[in-house]
Amino acid sequence: MLYWNQAEETRSRDELQQIQLQRLQKTLQLVYENVPFYQERFKAVGAEPQDFKSLEDFFKFPFTTKADMQSTYPYGMFAAPMEEIVRLHASSGTTGRPTVVGYTRNDLDTWSDLVARLLTAAGVTKKDIVQVAFGYGLFTGGFGLHYGIERVGATVIPVSSGNTDRQLQVMCEFGVTVLVSTPSYAVYLGEILEEKKIPLDSLKLRVGCFGAEPWTEAMRGEIERRLGIIATDNYGLSEVMGPGVSFECVHKNGMHISEDHFIAEIIDPDTGAPLPMGEYGELVLTTLTKEGIPLLRYRTRDITKLTAEPCPCGRTFVRMSKPRGRTDDMLIIRGVNIFPSQVEAVLVEMEETEPHFQLIVRREGALDTLEIRAELNEAYFSDEMRVMHQLEEKIKTKIRNAIGVSAKITLVEPKTLERTTGKAKRVIDLREYL
Amino acid sequence: MQVRQISVFMENRAGRLMEITGILAQAGINLRALSLADTSDFGILRIIVDKPDKAVDILRRSGFTIRENVVIAAVIEDRPGGLYEILKVLADAGISIEYMYGFLGKHEHEAVMIIRVEEMECAIEVLLEANVTLLKGEQIYTM
């Protein structure tokens, strides 16, 4: 089976645009009636929902940003009353405040369908046995994929993340044919298989659907070779929906954006001006069918480009390339979103360190590692190694509690980290993205 | 009975130790004893010098992170068992050692151990009681 829903995925562009416009008008009406934040926005531009008669008109509407979602924390962007919200998810935020997203029953239904498209495009059918190694929790990856797999009718094994021994046992003994995880974890599993000398032909694995973090074509090659599978990429963000916003088909030539549910634009991140097809810029998404949190022109901060070239698979959706960076300083480490400001908040609070620090991200083998270089406060320098180690451990624990990722702490001499007049160079990302 | 020691926090990067010794040399400061404790990321350099005040001043002004504290300098006989005997005195008194380092003394058949413990006063007391010779700061600085 090539498509989850052939009619919806292969509409003519004219028909698709017509549907986008209809659904957009419905969405505009919905937020106008229910979300004070957007009512203000309409007032500010002196317009009402019916004034937006074309997509061109709509592309003048103000952007929605992560900061807007945080200023309305937790439920200010909800367009549906809480009794209609059946699930919440959340993602980390720049100020330590998470972004809370709510789904109505219809939203979950839509989401499952979008994930079903993603899976089907990768070749997953109801005959497959799918191992989900994404974390189940506030993160949208685990539950998002889970219900899409059930929608397809495949067998889902909700292993969740971590516990590599159990992952391997499940993979080997349960006849798993599809792996869902972060790409870096897939590489790691491949390395462990090799280490344990488990032959590939003893596995039934044939497809992998990977997402939640940036990865390279080189990594794809490695995953496909080590696991003997077809590896496809998918994209999403919790504010907009979660995984399933866009996905690769077996041709692996960009991620099809489900445009019947989202309008995609590429803008210049500095000026906000629209950029022509094919140019790299910031992806901006508008939801067309969401009821819990409809978002208008949401700035994803992901840098990508779009192409409308026909794909051999026959889908008519535009495709986005793998994001090649971010407009903000958010890092994705082992699938977890991390903002330098979260690290700063921890260090500022600790007297033992100066609030000057540097984050260094590396990809060691398959796993992303985070090193935090922090300047030691002279008053806390001890001539005893034991005391210095205790200090490092203390920082490490506080950081892990704050960002959910374990980091290596390196204490450096005070006043040695680079200070710049503008934005400090706080992040050194040594991973390769392209 | 206590000797001043200067500790310097050092990142592990090439030439850092050379820089410190260069600064001290230029100021005409002579090293009496030295120890370096290190991990993969940073090191703690501990030194005893002939002019502690001057060394503290010049290192601070050169931007180093330093800490000054006191240590015990115990004279031990340069023969098998020499160290064992004073360690036994401390162990019997229930005093644990944070760190120590040694160097050969000016006199033949004599070595000096630099010892840091948490209970300095108590350690000095039991060592003196056991007839261990402890050097005064001045004795080391002018050695």
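Colleague: Where does A:Pro74 lie?

Modeller: A:Pro74 is in the loop between helix 5 (66-71) and strand 1 (85-91) of chain A. Helices here are DSSP runs of H or I with at least four residues and strands are runs of E with at least two, numbered from the N terminus. The bond joining A:Tyr73 and A:Pro74 is a cis peptide bond, with omega at about -5°. Keep in mind that this is a predicted model: local features need pLDDT of at least 70, side-chain atom pairs count only at pLDDT 80 or more, and totals for chains, interfaces and linings use all residues. Residues are numbered from 1 along each chain as its sequence is written, chains are lettered from A and ligands numbered from 1 in the order in which they are written, and side-chain values use heavy atoms, with hydrogens and water left out.

Colleague: Does A:Arg297 count as buried or exposed, and what makes it so?

Modeller: Buried means under 20% relative accessible area, exposed over 50%, and partly exposed in between (1.4 Å probe, protein chains only). A:Arg297 comes out at 4%, so buried is the call. A:Lys197 has 70%, so that one counts as exposed.

Colleague: Helix 8 of chain A next. How do you know which side of it the buried residues are on?

Modeller: The buried residues of helix 8 (residues 164-173) of chain A are A:Thr164, A:Gln167, A:Leu168, A:Val170 and A:Met171. They span an arc of only 165° around the axis, which puts them on the same side of helix 8 of chain A; the arc is that of the directions from the helix axis to the C-beta atoms. A:Asp165 and A:Glu173, on the other side of helix 8 of chain A, are exposed. The cover over the buried residues includes strand 3 (129-132), strand 4 (155-157), strand 5 (178-181) and helix 9 (183-195) of chain A. After helix 8 of chain A comes A:Gly175, with a positive phi near 65°.

Colleague: Why is the pair A:Asp113 and A:Arg151 called a salt bridge?

Modeller: The rule asks for a side-chain nitrogen of Lys or Arg within 4 Å of a carboxyl oxygen of Asp or Glu. For A:Asp113 and A:Arg151 the closest N and O atoms are 3.0 Å apart, so the pair passes. A:Asp113 is in helix 6 (residues 105-121) and A:Arg151 in helix 7 (residues 140-152) of chain A, so the pair ties together parts 38 residues apart in sequence. A:Asp113 is partly exposed at 24%, and A:Arg151 is partly exposed at 29%. Over all chains, the whole structure has 48 salt bridges.

Colleague: What makes A:Arg301 and A:Glu239 a tie between parts of chain A?

Modeller: A:Arg301 and A:Glu239 form a salt bridge, with the closest N and O atoms 3.5 Å apart. A:Arg301 lies in strand 12 (residues 298-304) and A:Glu239 in the loop between strand 7 (230-237) and strand 8 (242-247) of chain A, so the pair links parts 62 residues apart in sequence. A:Arg301 is buried at 10%, and A:Glu239 is buried at 3%. A:Arg326 and A:Asp328 also meet in a salt bridge, at 3.1 Å from N to O. Shared partners join A:Lys66, A:Glu239, A:Arg301, A:Asp302, A:Arg326 and A:Asp328 into one network of salt bridges.

Colleague: And the interface: how many residues does the contact take from chain A and from chain B?

Modeller: With contact meaning heavy atoms within 4.5 Å, 21 residues come from chain A and 25 residues from chain B. Chain A and chain B bury about 1,800 Å² between them, 52% of it on carbon and sulfur atoms; buried area is the accessible area (1.4 Å probe) that two parts lose on being put together, summed over both. A:Phe381, A:Asp383 and A:Glu413 lose the most area in chain A, together 41% of what that side buries.

Colleague: How many salt bridges are there between chain A and chain B?

Modeller: The count is 7. One of the salt bridges pairs B:Asp41 with A:Lys408, at 2.8 Å between the closest N and O atoms.
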